[in-house]
Amino acid sequence: MFYPQFRARRIRGKEVFRAMVRETSLSVNDLIYPMFSAYGTGIKKEISSMPGIYQQSIENIVAEAQEVFSLGIPAVILFGIPEKKDEIGSDAYAELGIIQETIRAIKKNVPELAVITDVCLCEYTDHGHCGIIRNGDVDNDATLELLAKEALSHAQAGADMVAPSDMMDGRVMAIRSILDENGFDQIPVMSYAVKYASGYYGPFREAAESTPQFGDRRSYQMDPPNRLEAMREAQMDVEEGADIIMVKPGLPYLDIVREVRNEFNLPVAVYNVSGEYSMIKAAARMGWMRSGSPWKP
């Protein structure tokens with residue numbers, strides 16, 4: 001097809017036709033809203049690097065959950081800030097842990113809102129890493145047992161879905177197995193299958209108070225230049241029983257999102273992470289993205 005017989009702008013000329021032939025759509029039904037639940041009462045502390053996002057105590061989490069549901073957002077994902085942290089992240093899998101209690105409160109007050117839980121230890125360990133430390137690094141297999149306990153405790157508290165973000169090898173299988181063995185075979189697992197080490201996580205670490213106290217997470221999060229490894233990681237999680245696979249961060253890795261979509265027929269989630277959110281908020285504050293600015297399309 002060649003100009004002038006073919007004119008691509010014919011269909012772009014009216015909104016009715018643009019909408020009719022639009023290839024990709026995003027609606028509120030696709031969204032998951034992150035929330036940071038903090039131990040205590042009367043807490044609503046804005047996260048300095050994430051304007052409009054707060055650490056909140058459970059009563060405020062419930063109030064915001066009600067607002068989220070009223071806006072048509074179908075699900076939240078919970079991250080916890082416990083009263084105390086220790087070397088084995090005990091609060092992560094405690095029956096009365098901060099997230100377990102938050103799940104119960106949300107399901108009691110907003111039962112139709114889907115509650116997804118982050119399954120990781122970094123928010124609960126005093127060293128800020130995602131598992132048990134041995135010889136200066138995270139012990140993969142020792143960590144699996146605790147991640148499985150954490151996921152089970154979330155399901156027992158009423159979570160609708162669990163989402164392991166730790167990047168330990170074998171964690172999807174460990175979680176799927178313990179859920180099935182305890183009668184939670186209907187609880188889906190959304191795996192952070194392709195999670196790259198990234199500076200984009202900086203604001204989240206402030207929000208979750210989970211900055212590593214030594215070293216970094218590059219021994220378990222993926223090396224950014226690697227594409228084939230992403231396919232291997234996703235394949236492993238699919239074979240271990242993941243119901244949804246995720247790519248994180250989103251915008252810097254759209255090529256990986258496309259490859260994952262092409263390769264696997266499971267639902268694919270994309271995490272628009274804290275650093276991406278913060279950049280948008282900063283640009284809006286500077287007026288670079290404001291309606292009527294020179295950058296308006």
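## The open sheet

Let's start with an open, mixed sheet of six strands, ordered β2-β3-β1-β4-β5-β8. Here strands are DSSP E runs of at least two residues and helices are H or I runs of at least four, numbered from the N terminus; two strands pair if DSSP finds at least two bridges between them. The edges are β2 (44-46) and β8 (161-164), each pairing on one side only. On average, neighbouring strands are turned by 35° against each other, direction ignored. This is a predicted model, in which local features need pLDDT of at least 70 and side-chain atom pairs count only at pLDDT 80 or more, while totals for chains, interfaces and linings use all residues. Residues are numbered from 1 along each chain as its sequence is written, and side-chain values use heavy atoms, leaving out hydrogens and water.

Strand β5 (residues 114-119) pairs with β8 in the parallel sense over four bridges, with valine 119 opposite proline 164 in β8. Helix α5 lies across both strands, running at about 165° to β5; axes are lines fitted to C-alpha atoms, for helices over the stretch in contact, with angles from 0 to 180 degrees between N-to-C directions.

Beyond its neighbours within four places in sequence, valine 194 is in contact (heavy atoms within 4.5 Å) with residues including Met222, Ala230, Lys248 and Val260.

## Aromatic pairs

Across the whole structure there are five aromatic pairs. Rings of Phe, Tyr and Trp (its six-membered ring) pair if their centres lie within 6.5 Å; planes under 30 degrees apart are stacked, over 60 edge-to-face, and the rest tilted. Phenylalanine 36 and phenylalanine 204 have ring centres 5.6 Å apart and planes at 55°, so they form a tilted pair. Phenylalanine 36 sits in strand β1 (residues 32-38) and phenylalanine 204 in helix α7, 168 residues apart. Buried means under 20% relative accessible area, with over 50% exposed and partly exposed in between (1.4 Å probe, protein chains only); phenylalanine 36 is buried at 2%, and phenylalanine 204 counts as buried at 15%.

Tyrosine 192 and tyrosine 271 also make a tilted pair, with centres 6.1 Å apart and planes at 45°. Both of these tyrosines are buried.
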